[in-house]
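Please look over the sequence and structure shown here. A short briefing on selected local features is given below them.

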Amino acid sequence: MRFDLFCRVIDNYGDIGVCWRLARQLAAEHGHPVRLWVDDLRSLQPLLPESDPGATAQTQHGVEIRHWPTATGEEFTENWSADAADAVGDVVIEAFACELPPAFVAAMAAIATQARPPAWINLEYLSAESWAEDCHGLASPHPTLPLTKYFFFPGFGERSGGLLRESELLARRDAVQTGQNDDIHGRPLEISLFCYDDAPLADWLRALAASGQPARIHVAAGKPQAALAALLGKPNEASGRWTLGALELIPLPFLPQTDYDALLWRCDLNCIRGEDSFVRAQWAARPLLWHIYAQDENAHLDKLAAFLDRYCAGLDTASADAVRALHRAWNGKALTEGSWRDYCARLPELRVHARQWADKLALQGDLASNLGKFLVGKL
């Protein structure tokens, strides 16, 4: 199957991070020709350093990457005019409701007048809410054209589209984690930090310092680094190390995806945000603290609660309460020393639970494979 995958970059690197992982897996593991359309190639370049942010067309890791000049208008029409209508992929994916260019939709409709139309997929945002599973796979006929769009929801249950997971991912993780020291006493706590700039970092640093537990914090480039640098009165640059009592803060350069995955595998706790790093932290089989993307009317808190209901189902009451309390504090700008202390006291149990959770998720099909099964009979 030939795939056209459209990505409009909205949330820094989250959208392109998901799309690039999917495109690469479809090509490398399933042998599908994939053309990835991206409106902001500068956001791909840090994830894929060998890519050229100024190229109109390039091929990386078996994926054809094309610049998507604009969502609508003459620029895309002119760019597309060199391609015949029958060059439209067998499968067209609009990631996160990014809206396909009208010229491309017209080309899809032209095919539909002569043959079976391309399978049109709207890859939705990840949600643990029950309604997402109810909507997964639903068809939406176009009001005027002979085309049908299908909604494909990533998720955590068998009725969802699953999560992105490369075939060798867990084996590579286990190779790194084999022999690691699980005892967090007598050594610094290894923490990765990737959050939005409204995380309660000042309260968190105070709680960390008050706990007396030495910690080594690996600070992601961008907003987390800038926020901590401002708090500490340090220059915002990824060099050297900052200290605050028993805390060592390590500013990181921007890491390609494979290097970031490996960092998550090595840490005792991963503070992550958005969707892409959120999923990768779960595959890391380590305790996590999710900073969810804020939405109007606090809709994101419902998404957070739905995930925690699933995630905490296998925990004892005290550990589940500690996980919920710290997540509420982390996403509510009010974190206390008590909520941090209660959470850290249960890190050994949470480490075991994180492995069990990852193993449970791995029993389900991965998103790319589930997408292939979903497309059977639609082409």
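Predicted model: local features only at pLDDT ≥ 70, side-chain atom pairs only at ≥ 80, totals over all residues.

Residues are numbered from 1 along each chain as its sequence is written, and side-chain values use heavy atoms, with hydrogens and water left out. Helices (H or I, at least four residues) and strands (E, at least two) are DSSP runs numbered from the N terminus.

**Helix H14**

- H14 covers residues 347–362, 16 residues in all, and spans 22 Å from its first C-alpha to its last. That is close to the 22 Å expected at 1.5 Å a residue, where the expected span is 1.5 Å times one less than the number of residues.
- The buried residues of H14 are Leu347, Leu350, Arg351, His353, Ala354, Trp357, Ala358 and Leu361. Buried means under 20% relative accessible area, exposed over 50%, and partly exposed in between, with a 1.4 Å probe and protein chains only.
- These residues lie on the same side of H14, because they cover an arc of only 165 degrees around the axis. The arc is taken over the directions from the helix axis to the C-beta atoms.
- Packing against the buried residues of H14 are helices H6 (169–177), H10 (276–283), H11 (299–311), H12 (317–330) and H13 (337–345), together with strand E9 (189–193).

**Helix pairs**

- Two packed helices are described by the angle between their axes and the distance between the axes. Axes are lines fitted to C-alpha atoms, for helices over the stretch in contact, and angles run from 0 to 180 degrees between N-to-C directions.
- The axes of H11 and H14 come within 11 Å and cross at roughly 95 degrees. H11 and H14 are therefore roughly perpendicular to each other. Angles under 35 degrees count as roughly parallel, over 145 as roughly antiparallel, 65 to 115 as roughly perpendicular and the rest as oblique.
- Phe307, Arg310 and Tyr311 of H11 make the contact with His353, Ala354 and Trp357 of H14, contact meaning heavy atoms within 4.5 Å. By class, the contact of H11 with H14 has four nonpolar, one polar and one charged residues. Ala, Val, Leu, Ile, Met, Phe, Trp, Tyr, Cys and Pro count as nonpolar, Asp, Glu, Lys and Arg as charged, and the others, Gly among them, as polar.
- For H13 and H14, the axes come within 5 Å and cross at roughly 60 degrees, so the two helices are oblique to each other.
- On the H13 side Tyr343, Cys344 and Ala345 meet Leu347, Pro348, Glu349 and Leu350 of H14. This contact of H13 with H14 has six nonpolar, no polar and one charged residues.

**Pro287**

- Pro287 sits in the loop between H10 and strand E14 (288–291) and is buried, with a relative accessible area of 1%.
- Pro287 and Arg351 are 64 residues apart in sequence and 5.6 Å apart in space, C-alpha to C-alpha.
- Leaving aside neighbours within four places in sequence, the contacts of Pro287 include Tyr343, Leu347, Leu350, Arg351 and Ala354.

- Ala97 has a positive phi of about 55 degrees although it is not a glycine. Ala97 lies in the loop between strand E5 (91–95) and helix H4 (102–112) and is partly exposed at 43%.
- Glu99, in the loop between E5 and H4, has a positive phi near 70 degrees. Glu99 counts as exposed, at 56% relative accessibility.
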